[in-house]
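Open the model in your viewer and keep the selection tool ready. We will go stop by stop.

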Amino acid sequence: MRNKPGALALLLVALVTCYSCTSLQTREAKQAEEQLSGVAVPAFNADSAYAFVARQVAFGPRVPNTVAHKATGDWIASKLTSYGGKVQEQRFRMAAFDGTELNLRNIIASYNPAATHRVMLAAHWDTRPFADKDEVSPDVPIAGANDGGSGVGVLLEIARVLHEANPKPGIGIDLMFFDGEDYGQPANSELPYKEHTWALGSQHWSKNKHVPDYQAEYGILLDMVGAANARFAREGYSMQYARQVVNKVWKAGKEAGFADYFKRLRAPAITDDHYYVNKWGGIPMIDIVEYNTKARNGDSFGPYHHRHKDNMAIISRNTLKAVGQTVLQVLYHE
């Protein structure tokens, strides 16, 4: 069958129009990409973040109900206030797996509190009350430089940047410092298994938000983000509840030059603070957490996890930089 002359002319017009539309879309996409790449993202100071981690460790183990725990909480709140955050605290009590009544304290700092478009960043600031994976002194609390200290160090440096940088991100940002994350029931406990013994602070917050009907577009949790040569796989609950956010953050990591840290490997679902923010709080949140998919002997979180090796000797400025700069890349491109 042959095309009629009129039909052929219409076809040519359609092709030209289609080409013009495609060309226009290509130009617009290129312009948008150039505009995005032109966004001035402030530098994340890894030395400053490292000092924040060291300061926490100097307080001693930040185990709830201890003097070091109270002093560290006061210090975090003071730093956030000095960096211009609107600081709120949630003080509450919850029972640990063994029945111990814990005095807990979530600390929240809000930037640009009037903005409706918000992103939340979170970390836990308490430390494990025992070294249950260690063969030496397993009943003694750990220093928690990486597990607890590193996430807080990165968030405090981001708070400093938000206070001092110009321009600032055009969104509202809430920094959440959850308490009681690491008082979960040990695997070798002789007590009957109990659900929901981990991430007590995020459990409380997810049911009692600091602002009524609080919502954020998404959240990013930082946990164990400071060890040398750490790698971050795409964690299971993150992919289940917030796959688009995972893609956004991993893309930002690549754009910022840290693709070696943000791997395309998959990690299993991990019960961490983000689980309760997703499940109970209704906010899509991902977990940037160290996870070695090739590790053996249960050391996927590193050979220092819940051991006394989790001290300043394992903390790397390069890893802190990779995570902190990636998060700033995300915030400034919103």
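One term before we start: here, contact means heavy atoms within 4.5 Å. Keep in mind that this is a predicted model.

**Stop 1: the helix across the strands.** Select residues 145-164. This is helix α4. Helix α4 lies across β2 (101-111), β3, β4 and β5 (218-223). Its direction is at about 145° to β3.

Stop 2: In what order do the 6 strands of the open sheet run? Read them off as β1-β2-β4-β3-β5-β8. The pairing is mixed. Select 86-95 and 285-289 to find the edge strands, β1 and β8. Each edge strand pairs on one side only. Neighbouring strands of this sheet are turned by 20° against each other on average, direction ignored.

As background, strands of a sheet pair through backbone hydrogen bonds, either parallel or antiparallel. Zoom in on residues 118-124 and 172-178, which are β3 and β4. Which sense do they show, parallel or antiparallel? They pair in the parallel sense, over 7 bridges. Click valine 119, then isoleucine 173: the isoleucine is its bridge partner in β4.

Stop 3: Show the aromatic side chains. The model has 16 aromatic pairs. Select phenylalanine 59 and tryptophan 75. Their ring centres are 5.9 Å apart and their planes meet at 55°, so this pair is tilted. Phenylalanine 59 belongs to helix α2 (residues 46-59) and tryptophan 75 to helix α3 (residues 67-82), so the pair ties together parts 16 residues apart in sequence. Is tryptophan 75 buried or exposed? It is buried, at 15% relative accessible area.

**Stop 4: a ring cluster.** Select Tyr237, Tyr241, Tyr275, Tyr276 and Trp280. Ring pairs link them into a cluster. Focus on tyrosine 276 and tryptophan 280, an edge-to-face pair with 4.8 Å centre to centre and 65° between the planes. Tyrosine 276 is buried, with a relative accessible area of 2%. Tryptophan 280 is partly exposed, at 30%.

**Last stop.** Select arginine 231 and tyrosine 261. The charged end of the arginine sits over the tyrosine ring, 4.9 Å from its centre.

Methods. Residues numbered from 1 in each chain as written. Predicted model: local features only at pLDDT ≥ 70, side-chain atom pairs only at ≥ 80, totals over all residues. Heavy atoms only, no water. Pairing = 2+ DSSP bridges. Helix = DSSP H or I, 4+ residues; strand = E, 2+ residues; numbered from the N terminus. Axes fitted to C-alpha atoms, helices over the stretch in contact; angles between N-to-C directions. Phe/Tyr/Trp six-rings, centres within 6.5 Å; stacked < 30°, edge-to-face > 60°. Buried < 20%, exposed > 50% of the residue type's maximum accessible area, 1.4 Å probe, protein only. Lys NZ or Arg CZ within 6 Å of the ring centre and 35° of its normal.
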